[in-house]
Amino acid sequence: MNRDIIAGNWKQLKGQIKAKWGDLTDDDFDVVEGNTQYLAGKLQERYGWEKDRAEQEIRDFARTLDDSYRH
């Protein structure tokens, strides 16, 4: 599952996630620590998105990940 890829490779992906969603702070990343539900919540807070939109953004991002992150 793509969300597992994000959780399992959190430290390597943080840079890509920061580039995509630049309004997230380092404190946000410390709280999220790879949990996609927390990430969705932070995206909702920072961007004013509905829950469905935040979750779709994460799914779309996960689909773009390089094959090297897939186990």
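**Aromatic pairs in close-up**

**View 1. Trp-10, a buried residue.** In this predicted model, Trp-10 has a relative accessible area of 4% and is therefore buried (buried means under 20% relative accessible area, exposed over 50% and partly exposed in between, with a 1.4 Å probe and protein chains only). Residues are numbered from 1 along each chain as its sequence is written, and side-chain values use heavy atoms, with hydrogens and water left out. Local features need pLDDT of at least 70 and side-chain atom pairs count only at pLDDT 80 or more, whereas totals for chains, interfaces and linings use all residues.

**View 2. The pair of Trp-10 and Phe-29.** The structure holds three aromatic pairs, where rings of Phe, Tyr and Trp (its six-membered ring) pair if their centres lie within 6.5 Å, and planes under 30 degrees apart count as stacked, over 60 as edge-to-face and the rest as tilted. The ring centres of Trp-10 and Phe-29 are 5.8 Å apart and the planes stand at 35 degrees, so this pair is tilted. Phe-29 is buried too, at 1% relative accessibility.

**View 3. Lys-18 over the ring of Phe-29.** Lys-18 lies over the face of Phe-29, at 5.4 Å from the ring centre (a charge sits over a ring if NZ of Lys or CZ of Arg is within 6 Å of the ring centre and within 35 degrees of the ring normal).

**View 4. The pair of Trp-21 and Phe-61.** Trp-21 counts as buried at 2% relative accessibility, and Phe-61 is buried with a relative accessible area of 6%. Their ring centres lie 5.5 Å apart with the planes at 55 degrees, so this pair is tilted.
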